[in-house]
Amino acid sequence: MAAQIAVGAAVVVGLCAGKKYFQGPRCQSSKSLQGKTVVITGANTGIGKETAVDLAARGARVIIGCRNLEKGTEALKEIQDRSGNRNVFLEKLDLASLESVRTFADKILNSEPRVDILINNAGVMACPYQKTQDGFEMQFGVNHLGHFLLTLLLLDRLKSSQPSRIINVSSSAHRMGTGKIKFDDIHHEKSYSSWGAYFDSKLANVLFTRELSKHLEGTHVTANSLHPGAVTTELQRHSILSSPIMYPLRWYMFKTAEQGAQTSIYCAVAEEMEGVSGKYLRDCHIVEESKGAQDDAAAKKLWEVSLQLVGLEK
């Protein structure tokens with residue numbers, strides 16, 4: 001009996017240690033953001049909302065960009081109430097529409113004299129085949145092209161507010177799939193895999209960050225990408241991960257949205273990230289991205305193709 005109790009206790013201790021491991025570390029910085037302005041996409045839910053709460057609690061002026069204004073209004077009140085900061089604002093932003101991205105950017109440029117932190121957080125995952133209003137495959141269009149355009153439209157304001165930071169929320173999923181951008185079928189019109197398209201869009205996030213950091217050298221504006229971890233959020237609504245049979249796995253191995261926001265927060269405020277650019281992070285640490293994400297030629301080509309697709313000059 002004593003041996004059985006000891007084994008049972010060891011199992012419980014091991015399971016508790018495992019759950020704590022999967023939760024990941026917390027950002028330890030207590031940095032104030034008084035006088036700073038933050039723009040976050042997709043902050044009406046999930047890690048985006050939790051990131052907004054944290055940065056607003058540090059005193060930042062926070063603008064959240066959301067596609068659904070009804071949900072955005074609910075999130076806005078929650079962010080204000082939880083952070084104790086009324087200096088949080090909502091603007092319409094549909095990343096599946098370049099027109100909406102341009103309108104959102106114009107509002108920011110007309111109303112905000114500075115932008116200190118841009119967090120490209122919004123995204124879709126493993127959705128059925130769809131196209132954006134501009135004819136792009138939905139995941140590539142929303143996860144990469146919408147944020148690509150938004151970043152470049154706000155870039156001069158970020159430069160004039162230096163030192164400033166750009167944070168692109170990617171995923172360890174960028175390591176999966178072929179590990180290469182399919183430039184000959186970038187909109188997945190020849191064949192479509194919902195997960196394959198997601199993997200490619202997350203790889204695009206890391207490649208974009210890599211090339212962007214080169215364009216920002218000497219400007220005191222940094223750009224980094226990150227993996228937030230496996231997080232229980234609405235992002236999984238199109239996948240088997242949302243199935244009730246997956247609940248035990250999600251409960252044990254997945255982070256809460258608040259835990260998943262920690263690396264985004266770390267990239268935004270950590271003193272040790274000052275001047276660090278072009279890196280990929282996980283659990284508040286710099287880690288090596290996939291080999292495909294280190295391909296400078298692919299990063300440059302993606303930049304050039306993206307400029308053409310969103311209608312910007314080289």
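Author: A salt bridge is a side-chain nitrogen of Lys or Arg within 4 Å of a carboxyl oxygen of Asp or Glu. This is a predicted model, in which local features need pLDDT of at least 70 and side-chain atom pairs count only at pLDDT 80 or more, while totals for chains, interfaces and linings use all residues. Residues are numbered from 1 along each chain as its sequence is written, and side-chain values use heavy atoms, with hydrogens and water left out.

Reader: What makes D116 and R114 a salt bridge?

Author: The closest N and O atoms of D116 and R114 are 2.7 Å apart, and the limit is 4 Å, so the pair qualifies.

Reader: Why is D116 called buried?

Author: Buried means under 20% relative accessible area, exposed over 50%, and partly exposed in between (1.4 Å probe, protein chains only). D116 has 3%, so the residue is buried. R114, at 28%, counts as partly exposed.

Reader: How many salt bridges does a search of the whole structure find?

Author: The search finds 17. Among them is K49 with E78, where the closest N and O atoms are 2.9 Å apart. K49 lies in helix 2 (residues 46-57) and E78 in helix 3 (residues 69-83), so this pair ties together parts that are 29 residues apart in sequence. Helices (H or I, at least four residues) and strands (E, at least two) are DSSP runs, numbered from the N terminus.

Reader: Which residues are linked with K49 and E78 in a network of salt bridges?

Author: E50 and R82 belong to that network too. The closest N and O atoms of E50 and R82 are 2.8 Å apart. E50 is in helix 2 and R82 in helix 3, 32 residues apart.

Reader: Are K49 and E50 buried or exposed?

Author: K49 has 15% relative accessibility and so counts as buried. E50, at 12%, is also buried.

Reader: Why is the pair of Y129 and Y192 called edge-to-face?

Author: A search of the whole structure finds six aromatic pairs. Rings of Phe, Tyr and Trp (its six-membered ring) pair if their centres lie within 6.5 Å; planes under 30 degrees apart count as stacked, over 60 as edge-to-face and the rest as tilted. The centres of Y129 and Y192 are 4.7 Å apart and the planes stand at 75°, so this pair is edge-to-face.

Reader: Where do Y129 and Y192 lie?

Author: Y129 lies in the loop between strand 4 (117-120) and helix 5 (138-160), and Y192 in the loop between strand 5 (164-169) and helix 6 (194-215), so the pair ties together parts 63 residues apart in sequence.
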